[in-house]
Amino acid sequence: MQESKESKLYFSKELLGWYETAKRDLPWRRHRNPYYIWVSEIMLQQTRVDTVIPYFQRFIERFPTIQALAEAPEEDVLKCWEGLGYYSRARNLQAAAQQVMERHGGIVPDNKKDVSALKGVGPYTSGAILSIAYNQPEPAVDGNVMRVLSRYFLIEEDIMKTGTRTLMEDLATELIPLGRAGDFNQALMELGALICTPKSPQCLICPVMVHCAGRLEGAEDRLPVKSKAKPPRPEYRLVALVEGDGEQSGRVLVRRRPDSGLLARMWELPHIPAAAEPGEGAGLPDGPAMDRLAAVLGGAGVLAAPQGALMEAEHTFSHIHWNMRVFRFQQVDGRGGERTAVAESASAYEANGDVAGPNTGHDSVEYRWITKEDMGELAFPNVFIRILNQYFSMK
C-alpha cells in the first residue's frame, strides 16, 4: 500500500470538489430523511441505481413513514419489492422498522450501537445512515469504495478477507474531511459507480488521477484483488403450469411457499427437483418428468393431465442456479372454489418442492387458482413472473 499525507489530503479535497459538480440527482439525495436514506441503501445492495429509482419512489409512496412500513401486511411489502430480488432484504427492513417503532419511538437512531442492532443493518449500511443522515464521521465501505481505495492507494490485499475490509474502513475514516462525512462517503460511492468502474476505468477523467498509485503502476485493471466466490450450485427443476377447467377455466394453479427458507411465503408454480434419482440431472425424459409432476399434484389434491413441454427458464440466486423445464397440464376435475383445498403437508412440500428450511408451524401449503389480474396482488419471485407473463401473453 502506498500512501502519504499529501496524497490523502489531495484525494479528499479533489473528490469533494468533483462530487459537488458531478453528483447525480437521485431521489434519496433530495432529503436528509434517515428513513429514506436507509430504504435506498438497502435497495441498492447488489442492485443498480437505475433499477432502484422507480422501486424507491413506489416504496416511499406506499410506505411514507417507518410506522406505515412497520404496520403493513408483509404481503404488501413483498409485492412492492417484487422484481428487486433478494427478498430477505424487504423482510429484514420491515422487521427493523418494527424494532425502531418499539425501541426508538419511530425515529432512526443516531448512534452506531443502536443502528447496528437493527435487523439487516451491517457495517456498511450503518455507516451510510450515520454519515449521510446525521453527518457523523463513520465509514461506509462497499464494493465501489474498496475498488477506489485499492486502486488509489495500491492496496493489493484480497478485499474478500476481513482484515482487508478493516484496513479499508480505517483508511476511509481517516480520509473523511471534518464536517463533510455524508458528502464524502457519497462521493466515494459515486466515483466508483461512474468513473472507477470494475472494467475499463476512465482514468483520464478521474478527479484524483494525479496521485493514483494504481494508475501510476499500471495496475488499475488488476485491482482490486478479489478471490473468486464459489459458483452457484446448479439445480434442475420440473415445473407444472396447470390450466384450470370448469369453474377454474382461464386460471392457473399456484402455491405459496412455506413460512421460512428461500423465498418464504411468496407465490410460485408447483415445481420439484429433476434429480431426485442419481444421475438424472436435466436428462429426465419428458414422459417420466410429467408423470412425477402429476403424482405430486395428485398428492396435493389436484388431478391434472400432462399436455407436453411448454418452455424453459432459469434463475440464479447467490448460491443456487435453477435450470427449469416447464410442462403444461390440464385440470381434470374443475369442481371447487377459487382456492384449492390445502392437501400437501409442509414436510411433503420440503421433500418434493424445495429445501425450505425448518417448518415454522404451517400445517399445510396453500394452493390457489389465479388469473393474470391476480398477479397484481400476489408477490412472485422474478423467474415465475417471467414464466407467467410469457404464458399469459400467448393466450
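Biologist: Starting with Val-49, is this residue buried or exposed?

Modeller: Val-49 is buried, with a relative accessible area of 17%, where buried means under 20% relative accessible area, exposed means over 50%, and partly exposed covers what is in between, using a 1.4 Å probe and protein chains only. This is a predicted model, in which local features need pLDDT of at least 70 and side-chain atom pairs count only at pLDDT 80 or more, while totals for chains, interfaces and linings use all residues. Residues are numbered from 1 along each chain as its sequence is written, and side-chain values use heavy atoms, with hydrogens and water left out.

Biologist: Where is Val-49 placed, and which residues is it in contact with beyond its neighbours within four places in sequence?

Modeller: Val-49 has its place in helix 3, helices being DSSP runs of H or I with at least four residues and strands being runs of E with at least two, numbered from the N terminus. Apart from neighbours within four places in sequence, Val-49 is in contact (heavy atoms within 4.5 Å) with Arg-24, Leu-26, Trp-28 and Leu-44. With Leu-26 the separation is 23 residues in sequence and 8.7 Å in space, taken C-alpha to C-alpha.

Biologist: Okay, stepping back: how many helices and strands are there in the protein?

Modeller: The protein has 15 helices and nine strands, and buried residues make up 51% of its 395 residues. Among contacts with a separation of 6 or more, 69% are between residues 24 or more positions apart.

Biologist: And what does the accessible surface come to?

Modeller: The accessible surface of the protein comes to about 18200 Å², and 51% of it belongs to carbon and sulfur atoms; such areas come from the Shrake-Rupley method with a 1.4 Å probe, and for residues only the protein chains shown count as cover.

Biologist: Let's look at helix 9. How many of its residues are buried, and what covers them?

Modeller: Helix 9 is mostly covered, with eight of its 10 residues buried. These buried residues are Val-145, Met-146, Arg-147, Val-148, Leu-149, Ser-150, Arg-151 and Tyr-152, and what covers them includes helix 1, helix 10, helix 11 and helix 12.

Biologist: How do the axes of helix 9 and helix 11 cross?

Modeller: The axes of helix 9 (residues 143-152) and helix 11 (residues 181-194) come within 8 Å and cross at roughly 80°; here axes are lines fitted to C-alpha atoms, for helices over the stretch in contact, and angles run from 0 to 180 degrees between N-to-C directions. The two helices are therefore roughly perpendicular to each other, given that 65 to 115 degrees counts as roughly perpendicular, under 35 as roughly parallel, over 145 as roughly antiparallel and the rest as oblique.

Biologist: Which residues meet there?

Modeller: From helix 9, Asn-144, Val-145, Arg-147, Val-148 and Leu-149 meet Leu-188, Met-189, Leu-191, Gly-192 and Ala-193 in helix 11. By class, this contact has seven nonpolar, two polar and one charged residues, where Ala, Val, Leu, Ile, Met, Phe, Trp, Tyr, Cys and Pro count as nonpolar, Asp, Glu, Lys and Arg as charged, and the others, Gly among them, as polar.

Biologist: And what about the crossing of helix 1 and helix 9?

Modeller: The axes of helix 1 (residues 5-22) and helix 9 come within 12 Å and cross at roughly 140°, and helix 1 and helix 9 are therefore oblique to each other. Ser-7, Tyr-10 and Phe-11 in helix 1 meet Val-148, Leu-149 and Tyr-152 in helix 9, and the residues of this contact divide into five nonpolar, one polar and no charged.

Biologist: New topic: which residues have a positive phi although they are not glycine?

Modeller: Leu-154, with a phi of about 55°, is one of them; this leucine lies in the loop between helix 9 and helix 10 (162-175) and counts as buried at 6% relative accessibility. Arg-265 is another, with a phi of about 60°, and is found in the loop between strand 2 (252-256) and strand 3 (267-268), where Arg-265 counts as partly exposed at 24% relative accessibility.

Biologist: Last one: where is Pro-224, and what is the peptide bond from Leu-223 like, cis or trans?

Modeller: Pro-224 has its place in the loop between helix 12 (213-216) and strand 1 (233-243), and the peptide bond from Leu-223 to Pro-224 is cis, with omega near 0°.
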